[in-house]
Amino acid sequence: MNRVAIVTDSNSGITQAKGKELGVYVQPMPFFIDGKIYYEDITLTQEQFYEKLGADSDISTSQPSPGSVMELWEKLLKEYDQIVCIPMSSGLSSTCFTAMSIAEEYKGRVQVVNNQRISVTLEQSVYDAMHLRDQGMDAREIKEVLEREKMLSSIYITVDTLKYLKKGGRITPAAAAIGTVLNLKPVLQIQGEKLDAYAKVRGWKAAKKTMLNAMEKDLNERFADVKDQMLLGLAYTCTKEEAKEWKREIQERFPGYEMLEAPLSLSVACHIGPGAMAITCMKRA
């Protein structure tokens with residue numbers, strides 16, 4: 001049986017420590033902060049990131065260099081026969097396409113999965129890959145399953161402040177100013193390709209209700225045929241106390257569902273800022 005290594009990036013929310021515990025390999029995402037490069041969970045903690053964000057530092061996301069990707073793969077291929085690499089959604093970063101291009105040099109030994117996920121939905125893809133590998137699938141077969149089921153996931157996010165959407169050019173300064181005065185909360189969605197607007201409501205109570213209603217609609221309509229194979233997730237840039245309350249509200253609305261939870265990846269947090277909450281669902285392979 002082929003020995004298959006599983007690689008993801010830190011946008012999965014899997015920390016370096018958890019990766020070691022699971023036996024998977026986590027490529028840290030690089031960030032430029034005031035011109036200096038940092039690596040998520042290596043030289044940049046969640047706390048340090050939000051400190052810099054709050055201080056209005058100049059923060060930009062980047063992608064792992066081809067050299068660092070190849071260095072990890074070369075090291076793993078001395079121990080493993082094949083690699084399944086599961087980066088963040090190609091709709092949110094060019095990381096995936098870069099990895100696919102590099103993989104062409106490895107004559108099929110490295111399979112890059114373009115499975116359109118991020119945060120806890122990407123984390124679940126890693127668990128799926130582990131499960132499929134343990135069932136005896138090789139790297140190509142694992143890639144085929146994950147890509148076939150990639151769109152069977154959904155994310156809804158509400159931000160606490162419009163500041164970072166304005167900073168990233170996703171809304172105009174005028175819209176941000178009006179939204180702040182009226183306490184408008186945009187509900188955003190990620191369903192594969194990119195971060196899109198879903199709804200605009202007033203206040204957190206309405207925003208949470210909108211996200212819960214949207215998820216219920218997805219489970220009952222989009223995912224009706226696989227509803228019993230779905231699990232839920234929550235991700236956040238808010239405080240742990242607020243996340244705990246959000247989890248309670250989700251469990252009240254959707255009793256009986258297994259849940260994953262984690263802070264939102266810093267690549268998403270860059271664009272939405274602190275205080276945000278998300279609800280997700282994804283099919284288990």
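Biologist: Is Ile-33 buried or exposed?
Modeller: In this predicted model, Ile-33 counts as buried because its relative accessibility is 2%, and the cut-off for buried is under 20%.

Biologist: Which element holds Ile-33?
Modeller: Ile-33 lies in strand 3, which spans residues 30-33.

Biologist: And what is Ile-33 in contact with, leaving aside neighbours within four places in sequence?
Modeller: Its partners are then Tyr-38, Leu-44, Lys-52, Ser-57, Asp-58 and Ile-59.

Biologist: Turning to helix 4, which of its residues are buried?
Modeller: Within residues 95-103, the buried ones are Thr-95, Cys-96, Ala-99, Ile-102 and Ala-103. They lie on the same side of helix 4, because they cover an arc of only 125° around the axis.

Biologist: Why would residues three or four places apart point the same way?
Modeller: An α-helix has 3.6 residues a turn, so such residues point the same way.

Biologist: What covers the buried residues of helix 4?
Modeller: The cover includes strand 1 (4-9), helix 3 (66-76) and strand 7 (110-112).

Biologist: Now helices 9 and 10: at what angle do their axes cross?
Modeller: The axes of helix 9 (residues 204-222) and helix 10 (residues 240-253) cross at roughly 40° and come within 11 Å. Helix 9 is therefore oblique to helix 10. Their crossing is right-handed.

Biologist: Which residues make that contact?
Modeller: Helix 9 contributes Lys-208, Met-211, Leu-212, Asn-213 and Glu-216, while helix 10 contributes Glu-245, Trp-246, Glu-249, Ile-250 and Arg-253. By type, the residues of this contact are five charged, four nonpolar and one polar.

Technical notes:
Residues numbered from 1 in each chain as written. Predicted model: local features only at pLDDT ≥ 70, side-chain atom pairs only at ≥ 80, totals over all residues. Heavy atoms only, no water. Buried < 20%, exposed > 50% of the residue type's maximum accessible area, 1.4 Å probe, protein only. Helix = DSSP H or I, 4+ residues; strand = E, 2+ residues; numbered from the N terminus. Arc of directions from axis to C-beta. Contact = heavy atoms within 4.5 Å. Axes fitted to C-alpha atoms, helices over the stretch in contact; angles between N-to-C directions. Parallel < 35°, antiparallel > 145°, perpendicular 65-115°, else oblique. Left-handed = near helix turned anticlockwise from the far one by under 90°. Nonpolar A, V, L, I, M, F, W, Y, C, P; charged D, E, K, R; others polar.
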